[in-house]
Amino acid sequence: MNGFDQFEALAEQLVEGTFERLFRPRLHPSEVARRLARAMEDGLIVADDGRVLFPNQYWVLLNPDDLAALDVGSEALQTELARYLERLAAERDVRFDGRLRVALHPIADLGIGQLDVRAVHVSEPGHIDDTQAVKVAGRSAADASRWALHLGERVFALGEPVVRLGRALSNDLILDDRRVSRRHAQLRWRAGRYHLSDIGSRGGTKLNDHTLNTGEEFPLSSSDVINLAGVTLTVRVEREQPAVEVTPTSTLPPGNK
């Protein structure tokens, strides 16, 4: 188990029994924990003075109906989520980059049961409920949700800030094919589009006809073809969020090996 897998497992352990009672069944707390842990880890930076810092401001974006269905008020839940993040950071012995703030906001473009987490570093604490900032975060989440990967007749919806692809169960898109490495590649949402990078795979990653070196990152466009050691995925960007048969956590069926 690598560092991130351990961090994610710790997140789910910490959340059990802590605020599970606060959520209705369609929003399971372990998923919120996983998203928050991932946002923390993805946003980790090393400052000029050598300090390792987590982002200190977090937006949890929810469908309005999901937010209304919570068992407690959003303020109480925000406080509980902040305490959870503090525990998680303490276990890692990593500080936040300024005063920690967590906020929940309704985003109509997110479907029932969907959520998105955005994390940023703010050295001078601002107002996390700033309307314009929330609109930007919500629009970014909606734009990312229009992206999908096609594998034959199957469609894998995207939408998260970081989407990991590989054979291991810890990935967002699990490809059950021996040619694919356990941790093969990742997509990162940046500047209004996804960017592809190889994360040390054995069989290599190609974007169209270009072979990616480990650590290289290339922007994607609709109709681009991603080749993971022989498994090909086509990028599609729709005007509206695509209807999907398969979510990013589903495995590639054995028949496609």
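Helices (H or I, at least four residues) and strands (E, at least two residues) are DSSP runs, numbered from the N terminus. The structure is a predicted model, in which local features need pLDDT of at least 70 and side-chain atom pairs count only at pLDDT 80 or more, while totals for chains, interfaces and linings use all residues. Residues are numbered from 1 along each chain as its sequence is written, and side-chain values use heavy atoms, with hydrogens and water left out. The mean pLDDT of the chain is 75, where pLDDT is the predictor's confidence in each residue, from 0 to 100.

**Confidence**

- A pLDDT of 70 or more is reached by 71% of the residues in the chain.
- Over residues 125–130, pLDDT stays under 50, and the model has 14 contacts beyond four places in sequence for this stretch; a contact means heavy atoms within 4.5 Å.
- Residues 244–257 also have pLDDT under 50 throughout, and for them the model has 30 contacts beyond four places in sequence.
- Where pLDDT is low, the predicted coordinates should not be read in detail.

**Sheet around strand E12**

- Strands of a sheet pair through backbone hydrogen bonds, either parallel or antiparallel.
- Strand E11 (residues 185–190) pairs with E12 in the antiparallel sense over six bridges, and Arg190 has Arg193 in E12 as its bridge partner.
- Strand E15 (residues 217–219) runs antiparallel to E12, to which three bridges join it.
- Across this second pairing, Leu196 stands opposite Phe218 and Ser197 stands opposite Glu217.
- Strand E12 (residues 193–198) is mostly covered, with five of its six residues buried; buried means under 20% relative accessible area, exposed over 50%, and partly exposed in between (1.4 Å probe, protein chains only).

**Salt bridges**

- Glu80 forms one of them with Arg83, the closest N and O atoms being 3.7 Å apart.
- Glu80 and Arg83 are three residues apart in helix H4 (residues 74–92), so about one helical turn separates them.
- Glu80 is buried at a relative accessible area of 16%, whereas Arg83 is partly exposed at 49%.
- Asp177 forms a salt bridge with Arg179, with 3.0 Å between the closest N and O atoms.
- Asp177 is buried, with a relative accessible area of 2%, and Arg179 is partly exposed, with a relative accessibility of 41%.

**Aromatic pairs**

- Phe54 is buried at 0% relative accessibility, and Phe96 is buried at 16%.
- Trp147 and Tyr194 form an edge-to-face pair, 5.6 Å centre to centre and with 70° between the planes.
- This pair also joins distant parts of the chain, 47 residues apart: Trp147 lies in strand E7 (residues 147–151) and Tyr194 in strand E12.
- Trp147 is buried at 6% relative accessibility, and Tyr194 is buried at 0%.

- With a relative accessible area of 8%, Asn63 is buried.
- A polar atom of the Asn63 side chain lies 2.8 Å from the backbone nitrogen of Asp65.
- Not counting residues up to four places away in sequence, Asn63 touches Ile107, Ala108, Leu110, Gly111, Ile112 and Gln114.

Technical notes. A polar contact is a pair of N or O atoms within 3.5 Å; within protein, one must be able to donate a hydrogen and the other to accept it, and residues adjacent in sequence count only if both atoms are side-chain atoms. Two strands pair if DSSP finds at least two bridges between them. A salt bridge is a side-chain nitrogen of Lys or Arg within 4 Å of a carboxyl oxygen of Asp or Glu. Rings of Phe, Tyr and Trp (its six-membered ring) pair if their centres lie within 6.5 Å; planes under 30 degrees apart count as stacked, over 60 as edge-to-face and the rest as tilted.
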